[in-house]
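Hi everyone, thanks for having me. Please take a moment with the sequence and the structure, and then we'll walk through a few spots together.

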Amino acid sequence: MDLALRLARRADGMTNPNPRVGAVVVRAGRIVGKGYHRRAGTPHAEIHALKEAGKKARGATLYVTLEPCAHQGRTGPCTETIPAAGIRRVVAGMRDPNPLVSGRGLARLRKHGIRIESGVQEKACRSLNEDYAKFITTGLPFVTFKAAASLDGRVATGTGESRWISGEASRRLVHRLRAKSDAILVGIGTIRKDDPELTSRPGQKTGGKPLRVVMDSRLRIPLNARVLGPPLSAPTLIATTKKSPPGKRELLRRRGIEVIVLPEKQGKVDPRALLRVLGKRGVMSLLLESGPELASAFLREKLIDKFLIFLAPKLIGGKLAPGILAGAGIASLKAAIPVRDRKIQVVGEDLLITAYPVYS
């Protein structure tokens, strides 16, 4: 199953709207076939593994990170191919979280007389497809908030300087994260202060160019912003409200920029309304690279699913230096949002803290 997980990760950012899946065929203690799902519309992981195994699949065990499919999509159901290949036992990492199909694939395989074992390395398999699981059950993107801060939690100096707090290794990792994401979201404050291009570096493996999304309730974006500038290196969408100037909306649209008008919440673009729109467009994974205000708005609405915080070995201090989050904050420590599944790793000279918020 460890090998199946490693195989599945080769397709990071490539399989949307499908999950990442790896499969390994084992006979008499030897690996005879392996494969992974590479892109939507192409053969599933099980098919690649069975093809490599050939006749050696007869009487073998199939290890697969996700329950085999039992429905006809752009490819045929794996629950028909697996018995035909002669597989006698299937070990699945987890059931398919899709409520319309969960358990049906395993049940069908049992009807064919195949022995089933499920839940092996389940936590790792769920982590592998955490974005797919949320998207398929809620219709909303999985939101990862990324921030770079000093050891004392400051994302900029009191004068607004923020380039670069994190080191080069961390910035390379962020480009890989961008390449694997379906969309990257920032607020207008980040655009006006840092003028980012919001693209991944050339050569990053990706299923396509991530959609660049800007939340700009009054349409204050400068017309020479890099995220708008020709030639467009990736598609751009600006989410605004009815209070933005209609003339500027039209001007941006004529330049090939998609502008959508959404409801307001507390005078800003309603973040949940934006996520619903992105979900309908098939955005499964969203990387939030915003400043403290927008991050706090998403956290307040319980819309952040995962934190990636890069801590640099430096101290900034000062009352005017902004922190990772802004807003009014909490009044009591009892109301603090706990986090689970914490992981700390060294990235170059920085520490990367990964954690998941636990909302009440």
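Leaving aside its neighbours within four places in sequence, which residues is Asn129 in contact with? They are Pro19 and Arg20, where contact means heavy atoms within 4.5 Å. Before I go on: this is a predicted model, so local features need pLDDT of at least 70 and side-chain atom pairs count only at pLDDT 80 or more, while totals for chains, interfaces and linings use all residues. Residues are numbered from 1 along each chain as its sequence is written, and side-chain values use heavy atoms, leaving out hydrogens and water.

Back to Asn129: you'll find it in the loop between α5 (122-128) and α6 (130-138). Helices here are DSSP runs of H or I with at least four residues, strands are runs of E with at least two, and both are numbered from the N terminus. Asn129 counts as buried because its relative accessibility is 3%; buried means under 20% relative accessible area, exposed over 50%, and partly exposed in between, with a 1.4 Å probe and protein chains only.

Now let's look at helix α2, residues 45-53. Its buried residues are Ala45, Glu46, His48, Ala49, Leu50 and Ala53. An α-helix has 3.6 residues a turn, so residues three or four places apart point the same way. And what covers the buried residues of α2? The cover includes β1 (22-27), β2 (30-36), β3 (61-64) and α3 (78-84).
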